[in-house]
Amino acid sequence: MKLIAVIKKEYREIVKKKSFIISTILTPLIMAAFMFLPVMLMKMSKGEKTIQVADYSGFIYEKMMQNEKTQSSENKIPGKQKGDFNRDYFDKNTRAEGSKLKFNKIATAGLAAEELLKLNIQAIRAKKIDGFLLIPTTIKKDRKLFYYSGNISDFETNRYIQAAIRTVVSRQILIEKQINPEIVNEATRDIEFETIKVKKEGTAKSSAGIEYMMSLFMLAILFSILMGYGQLIMRGVLEEKNSRIIEILISSTDTQHIFYGKIIGIGLAGLTQVAIWFLFGMALVGKFSMGLDSGILNFLTLEIGMYFIIFFLLGFFMYAILFSIVGAAVNTDQEAQQFAAPISYLLIIPFVMGIMVTQSPNSSVAVISSFIPLFTPTLMFMRITVSPPPLLQILSAIFMSLVFISFLAWLGAKIFRVGILMYGKKPSLGEILRWIRYK
Amino acid sequence: MNEQALVLKDLVKDFDGKRAVDRISFTARKGEILGLLGPNGAGKTTTIRMIMNIIAPDQGTIEILGRPFSEKMKNNIGYLPEERGLYRKMKIMDVLIFLGELKGLQADTIRERSRRLLQQFDLNSYEQKKVEELSKGMAQKLQIIVTILHEPELLILDEPFSGLDPLNIELVTRILLEKKKEGVSIILSTHLMEYAEKIVDSLVMINQGRKVLDGKLTEIKAQYGKKFIRIEYEGNSAFMSGLDYVKGWKDHGREMEIELIDLADKNRLLKELSARVSLNAFQLTEPSLQHIFIRKVNEGVPA
């Protein structure tokens, strides 16, 4: 009963905190922004781009337009159609929807390139046009053209223009060499590049970029909540120690009740928060699935959600115990920060390794480190999101973590019991370890 | 039934090779107020922490209400630690409910009792306020409420008067006497001997970890007899050091306790005093606890 009283108090104290309420609301909003933003940005930024073309070569613009005409008159880029390599290329690599590029040819007769350039740069600055494409007469020989724009980091547009013109030039060269047009068509056909994710059951089309981002995003959430709650627990314990409430608590109940009650109570608060996010995420995905990138949809499965909760809990208990030991052992916030630093490294290491794991989830380093209990919560979860390891591996890592947590809890309760009543000087690590042997 | 509320036998505690508590033994009877007296650093708090099982003694035994310490017993003891603090961000009622539940009470019982006690301590309008909004004195009173909320049989109070103004010292004293009437045993640790003197039934004096004196207050005082003279005066007392028949004195400014080598010299002293200062009172009295303590410490004899 007393254990429940401690759990209840710790739970309520956290849940009523402003920071809890704010982060509970804010995180899903950031999450939503992260999920919808790429699609929305593409739509917004590519609403319609007007690009002026000064074609000194005399053939590029017309040939490009011939290719375009087979499509809608609006130059809608995606909308895949066999034979139109540009669209295919574009579709595969960017999954953009509704992007429009509008090419306007401007008269070049009797005008020097310098003069045209000056005029168009002014137009770009005035935002009358989005870009200016200067195709020199020497394009066939030099294979070089110039593109001026306020936004040159729009790789999608850059690649589109580059690819389209490369093809036009190649075809022109081949045709001038009297190659059979059919062979020319054959030779310059686009190569489809389709990425397919191998899942435990079946395969799903997915874009590698978004998958990678989602994995890292989940890792970041995991990292920040483990860190956040760890710090919260540490400060709570330190407050009880410094305000000496701990003496009242100890004179009322067993220290183990205080220690476990605290960790369980705060753990439940954390679980509440994650559950809210989880439900929010499900609702979001359910309601707005059409607005979402299919890569994200494929990623955010129920399974991933379950694993997230499991590994959140494992990580939570490990780090909660470690941070509460620190809180009990030290006397001031400064000392707490000093001792907490190495624990933070224990979290940062797998965070950094997590980035590597997303790239090569089955490398031996990734596999082995995902079995180190302190790293399991982050790294095993990473492996699952990127390329699910065999179930046996997952289960044994979970089991090992549970054993480790039991050991840590036993150890923690002992150190907590002694440390929480030690005032005065900063303890050394050796002293803290000696506390384990106190009765 | 066992008549002892608390029995300590040969308690020893060392900290880093320094002996904080050195073979302290004493017994507190049920239903009495026992004063654990001594200057700061004498070992009072260490002794109390051992009684509360917060730290383990290196040697010796402790029996509470006739039994060795047990987890179950905690619901029967009210403990006010020396250093105070409560969850600053929590509301008063929430603090009381949490700490009450830790003592095994039901939330409804706690609410009911808390309202009564808050009223009694003049804190009833603060029920929904946060602890950090209370003044120091109010927080102190709240802490005393926490200590007695579960109606324990034994109260252990470490410096209960510190931080209280005279009005609240009155209030706390009254509450303690009420509790005593209800049959509650009280251990009261304090360095403020003049307050202790007014309410304790028996006392244990400790200095530098050792017991120097213990017994019933009335008996101890009787031992010293009415050999002291208490005066109230106005004027300059510098002449006192020139009086060779005075053994010692303690000057409080407007009050003085004087001990004579031979009480027969009291008229001589009165004459001297009347000539030197304006005298408002002159009476034979028992020595104050403070005086007894200083005597005992100077004698250097462990009792």
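**Close-up views of chain B in a predicted model**

**View 1. A bridge between strands 1 and 2 of chain B.** B:Gln4 has B:Arg29 as its bridge partner in strand 2 of chain B. The model shown here is predicted. Strand 1 of chain B covers residues 4–15 and runs antiparallel to strand 2 of chain B. The two are joined by 8 bridges. Strands of a sheet pair through backbone hydrogen bonds, either parallel or antiparallel.

**View 2. The open sheet of chain B and its helix.** Four strands of chain B form an open sheet in the order 2-1-4-5, with antiparallel pairing. Strand 2 (18–29) and strand 5 (67–68) of chain B are the edge strands; each pairs on one side only. Helix 1 of chain B (residues 44–51) packs on this sheet. Helix 1 touches strand 1, strand 2 and strand 4 (59–64) of chain B. The directions of helix 1 and strand 1 of chain B make an angle of about 115°.

**View 3. Surroundings of B:Gln143.** B:Gln143 sits in helix 4 of chain B, residues 136–148. B:Gln143 counts as buried because 21 C-beta neighbours lie inside 10 Å; the cut-off is 20 or more. Beyond its neighbours within four places in sequence, B:Gln143 contacts B:Leu80, B:Arg84 and B:Leu86. B:Pro81 is 62 residues away along the chain, yet its C-alpha atom is 9.3 Å from that of B:Gln143.

**View 4. Where chain B touches chain A.** The contact takes 22 residues from chain B and 18 residues from chain A. On the chain B side, strand 6 (77–80) and helix 2 (92–102) each give two or more residues. Helix 2 of chain B supplies the largest share, 4 residues. The chain B side divides into 14 nonpolar, 2 polar and 6 charged residues.

Definitions and conventions. Residues are numbered from 1 along each chain as its sequence is written. Chains are lettered from A and ligands numbered from 1 in the order in which they are written. This is a predicted model: local features need pLDDT of at least 70, side-chain atom pairs count only at pLDDT 80 or more; totals for chains, interfaces and linings use all residues. A residue is buried if 20 or more other C-beta atoms lie within 10 Å of its own, exposed if 12 or fewer, and partly exposed in between; C-beta atoms are placed from the backbone. Two residues are in contact if their C-beta atoms, placed from the backbone, lie within 7 Å. Two strands pair if DSSP finds at least two bridges between them. Axes are lines fitted to C-alpha atoms, for helices over the stretch in contact, and angles run from 0 to 180 degrees between N-to-C directions. Ala, Val, Leu, Ile, Met, Phe, Trp, Tyr, Cys and Pro count as nonpolar, Asp, Glu, Lys and Arg as charged, and the others, Gly among them, as polar.
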